Amino acid sequence: MSKYYVNKFLYQVDGDPQLLAAYKADPAGLIERWERDYGRRLGTNNSVEKTSWLSFTDEERAALVGLDYPKLFELGAHFFLTLTIFIAIYNDDYEAAQGPLAFQREYAQKLSHWLDKDYPTVAL
Amino acid sequence: MAELSAVLATTHHPFYYKATHLTPPEEQLPQAPEWKRKVEAYRETLTAANPDILVMVGADHFHQFFSDNYPTFLIGKQPKYDATFYNEEREFSIPKYLLDGDEDLSGYMFQGLLDRGFDFSISHELKIDHSIICPIITTRPDADLPIVPIYTNIFAPPLPSPKRFWDLGRAIRSIIDEYPGDKKIAAIGSGHLSLELGGPRQFGETGPDPVFDRKAIDWLASGDIDAILANVTHDSMAGAGNATHGFMDLILMMGIAGPIEASYVDELDLFHTREMYMTWYPGGDPR
């Protein structure tokens, strides 16, 4: 499991409008491109130096391809990164259809099985 | 010597500006007018202190810094600071700012922290996120004073202890007290009471733990650091909400003020969080 790598994906894609639009339009395609190019860049802003060993597990990749934020919560992805990027992907459509905070409340509901339990840690 | 003219500790709600200034009145939250009134009243507590420099305490929310190199404690030392990241404009409609910095006090603060056992990181290319620009918007919207930004890690665990935040506040206070010259310095820090983000308790009708919020405000308002250190742990904060650890930056601010009663305490129950506005005047109330 690489929570770090999942977080790195969420961090980079959320911070780049072109990557974010590509993720929303074609999650599997963008993830393949990200793993081929951005993911192994050293840190988050180095186009020359590489990190050779980082990768997703199949479970992590499937959660990202499936826009499966309850699964990302379970895997310990950082809550702020996950919330922020999925608000970017879903909020406008939900708000237009159902009013303010509709997406955020559905998000909470989909995690309601964690109420009164210890959450998966986001510590690395 | 410099004078510490005020210490402000506040929650930072990134939607304040959008909710009260950018949203047409007929579409605003029912609480928006009261929220604006409370913020403007709070602003007067800073204005009355007539500061020359602002020491600003906040935390980067994975905007500039990420886990390849996330600083536990960091200070900026620059002549200027850009503020507001793309995704903060996108989600919160926070405007961009260009703030002046006070490089002399940054350098003095950095050395003073090293001398006191706080081995800070330092940045000469720091961009400010909403943890600092939100309190600028609420307490000094003209953004006309030079700043010294200090970042803490309340966000990417493992985190420093609550006691360490208090001790850091005490160290910052002693450095301000020893800073040569006659400048008036105000310290403004932002954090959270109970808060849940990206979890099952987010965006409820109240904050996730109103009982914690009540205690937390009372502890801070009375300067009761003993009660805080006896009751607040990483686990207890997690129990109040997964993002409650921002409370440690409010402990830090009380550390700058010292274990004294606050001169101004206000709060507002919003739909998913309790907002808090607190000011200490260690040298006496100028109002």
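1. In this predicted model, chain B holds an open sheet of eight strands, ordered S6-S3-S7-S2-S8-S1-S10-S9. The pairing is mixed. Strand S6 (121–123) and strand S9 (264–269) of chain B sit at the edges. Each has a single partner strand, so one side of each lacks a neighbour in the sheet. From one strand to the next, the twist averages 15°.

2. Within that sheet, strand S2 (residues 53–58) and strand S8 (residues 184–191) of chain B pair in the parallel sense. Five bridges join S2(B) and S8(B). B:Val55 stands opposite B:Ala187 in S8(B).

3. Helix H4 (residues 103–115) of chain B packs on the sheet. H4(B) touches S2, strand S3 (73–76), S6 and strand S7 (147–152) of chain B. The direction of H4(B) makes about 155° with that of S3(B).

4. H6(B) lies across strand S1 (3–11), S2, S3, S7 and S8 of chain B. H6(B) runs at about 150° to S1(B). Its buried residues include B:Phe165, B:Trp166, B:Leu168, B:Ile172 and B:Ile176. B:Gly169 is also one of the buried residues.

5. The length of helix H6 (residues 162–178) of chain B checks out: at 1.5 Å a residue, its 17 residues should span 24 Å, and the end C-alpha atoms are 25 Å apart, which agrees.

6. On the interface, 31 residues of chain A are in contact with 20 residues of chain B. Helix H1 (3–14), helix H6 (79–98) and helix H7 (102–110) of chain A each give two or more residues to the side that touches chain B. H6(A) supplies the largest share, eight residues. By type, that side of chain A divides into 20 nonpolar, eight polar and three charged residues.

Methods. Residues numbered from 1 in each chain as written. Chains lettered and ligands numbered in written order. Predicted model: local features only at pLDDT ≥ 70, side-chain atom pairs only at ≥ 80, totals over all residues. Helix = DSSP H or I, 4+ residues; strand = E, 2+ residues; numbered from the N terminus. Expected span 1.5 Å × (residues − 1). Buried ≥ 20, exposed ≤ 12 C-beta atoms within 10 Å, placed from the backbone. Contact = placed C-beta atoms within 7 Å. Nonpolar A, V, L, I, M, F, W, Y, C, P; charged D, E, K, R; others polar. Pairing = 2+ DSSP bridges. Axes fitted to C-alpha atoms, helices over the stretch in contact; angles between N-to-C directions.
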